Amino acid sequence: MESARKQLKTIFGYSTFRPQQEEIIRTTLEKEDTIVLMPTGGGKSICYQIPALVFDGTTLVISPLISLMKDQVEGLRSNGVEAAFFNSSQPESERAEVIQQAKSGTYKLLYMAPETVFPALDSWLSMVPVSMVAIDEAHCVSMWGHDFRPEYTQLHLLRNYWKDIPFSALTATADKATRKEIENKLGLKNPHVFLSSFDRPNISLEVRGNIPKKKKQEEILDFLEEHEGQSGIIYCLSRKETEDINNFLLQNGIPSSHYHAGLSNTERSRIQEDFIHDRTPVITATIAFGMGIDKSNVRWVIHNNLPKNLEGYYQEIGRAGRDGLASKAVLYYTMRDVKLLADFARDSSQKEVLTEKLNRMLHYAESQTCRRKTLLSYFSENLEENCGNCDVCLNPPSFIDGKVIAQKALSGIKRTHEQIGLHLLIQLLRGAKTADIYTNGYQNLKTYGAGRDLSNEEWLFYLIQLLNQGAIEIAYDENFHLKTTPFGDKILFEGQDFLLAKFSGSSKKRTETKTP
Ligand code: ADP
Ligand code: ZN
């Protein structure tokens, strides 16, 4: 570890490790496998870069983002580290040179795109003196996830070549199903899992639902005038919308640019550079913008539309406030967004998962619970206290004692051995006489009909709160069945107090795209 600390200072110029970094590096130096779950900007890179410098030989880094690879390698080289990348965008001659150097063990770090790994394994890669394998963006292995890469599922083959060196899988996506898949599919050996907190307390959270377009534009304009000169991003669902909003802002004297994948490479890098160097404070963009942008003073992120899922939303708002100073995230959404996204999900080959994830996004937007609690519970993190820095905390609904309601629901889940989905649970609690109830024999359970006093709508309203408060969770990889969490068990078995926002009739139209 002495040597690791020295590298931190001399190569990277930092005097202390961030929480977890030291433990992760220590574990890797002991040649154990690791899974590192850390939010974007948390400092994952040095968790493998420092071991790479300490070990003899070469650390192989698998990364799907060619632009990021290039930045990392340039950064390392400018600090005097021998590093190179190998991907399909390079000219043949350059690749030949990299192969040559790699075989002779020149590099401390060699970055490779996943699709180049397998052809190389049987020819030159197995001749490289590899001392560690780091798999960045490891969630790409997940079929459920938002950036599935088929080549990632082949990466376990690397194990056959290098059996006794440490493997490290790193990602900023931390839901439970993804974690399990990473462990299973990458061939890791009893990995140590490091889960950093995903909380970003300096980002305030606000949601504005169903605001008419005109009014929304005025609100955004007011917001920008209030935050004049500060950097921020407005995320939009479509390319056209990025252009429309940009034009609207320019007409109103706001210095802004729009950004989407339809622009040329040169235009895109120019816009990015202007943003990074504070020449253009405001960018209207699709989600194509932001990956790999290292800018610490983004002060706000506005979502003009509902995002597809909470993973994406979390990543996008996470581009604000990396310097730790107070920053804002404002989300606008309308039922039109919901419908558009629901149609999109329905047409996909992963319809169930995408629909379910969209529902969770919507639950967040409509949450009656501290937004931060809601967001973190999605990542299986339980925030003890309400945050005090979100719109729900600042303007709370009226609460009722929800202990008994929660206990009924939790007990229903337990008695079905956690083999029940949201809608069937409501039928069970309400004592419904449906085919699904009878085929499962649920009419014989003690909880059958225990919640007759509440309507369907009320149960949905409360169960979503149980989900948002982290008392239950949905297993995406097990037919969307509900599971109780340790916090839920406390309510059920230890009489932990539990509050629920009061149901106020159907004044607020609830939305739920149909779940499977
Ligand atoms: P991630 O890959 O998790 O998104 P990075 O590895 O790119 O994050 O790190 C984010 C930023 O934090 C970088 O600018 C990096 O130099 C900085 N950083 C990482 N570790 C430390 C540390 N121990 N002290 C100070 N800054 C750090
Ligand atoms: Zn809050």
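Which residues of α13 meet which residues of α14? Let's work towards that together, in a few exercises on this predicted model.

Before we start: residues are numbered from 1 along each chain as its sequence is written, while chains are lettered from A and ligands numbered from 1 in the order in which they are written. In this predicted model local features need pLDDT of at least 70 and side-chain atom pairs count only at pLDDT 80 or more, whereas totals for chains, interfaces and linings use all residues.

**Exercise 1. Describe how helices α13 and α14 pack.**

Step 1: Find the elements. Helices (H or I, at least four residues) and strands (E, at least two) are DSSP runs, numbered from the N terminus. Helix α13 covers residues 335–346 and helix α14 covers residues 351–365.

Step 2: Look at the axes, which are lines fitted to C-alpha atoms, for helices over the stretch in contact, with angles from 0 to 180 degrees between N-to-C directions. The axes of α13 and α14 come within 8 Å and cross at roughly 160 degrees. That makes α13 roughly antiparallel to α14. (Angles under 35 degrees count as roughly parallel, over 145 as roughly antiparallel, 65 to 115 as roughly perpendicular and the rest as oblique.)

Step 3: The crossing of α13 and α14 is right-handed. (A crossing is left-handed if the near helix is turned anticlockwise from the far one by less than a right angle, and right-handed if clockwise.)

Step 4: List the contacts, meaning residues whose C-beta atoms, placed from the backbone, lie within 7 Å. From α13 come Val-338, Leu-341, Ala-342, Ala-345 and Arg-346; they meet Lys-351, Leu-354, Thr-355, Leu-358 and Leu-362 in α14. By class, this contact has 7 nonpolar, 1 polar and 2 charged residues. (Ala, Val, Leu, Ile, Met, Phe, Trp, Tyr, Cys and Pro count as nonpolar, Asp, Glu, Lys and Arg as charged, and the others, Gly among them, as polar.)

**Exercise 2. Trace the two sheets.**

Step 1: Begin with the open sheet of 7 strands, whose order is β3-β4-β2-β5-β6-β1-β7 with parallel pairing. (Two strands pair if DSSP finds at least two bridges between them.) β3 (83–86) and β7 (192–195) each have a single partner strand, so one side of each is left without a neighbour in the sheet. From one strand to the next, the twist averages 20 degrees.

Step 2: Zoom in on one pair. Strands β1 (residues 34–37) and β6 (residues 167–171) pair in the parallel sense over 4 bridges, and Ile-35 stands opposite Ala-169 in β6.

Step 3: Move to the open sheet of 6 strands, ordered β8-β13-β12-β9-β11-β10, with parallel pairing. Its edge strands are β8 (203–209) and β10 (256–259). The twist there averages 15 degrees from one strand to the next. Helix α10 (residues 239–251) packs on this sheet, touching β9 (231–235), β10 and β11 (282–285).

Note on methods. Contact = placed C-beta atoms within 7 Å.
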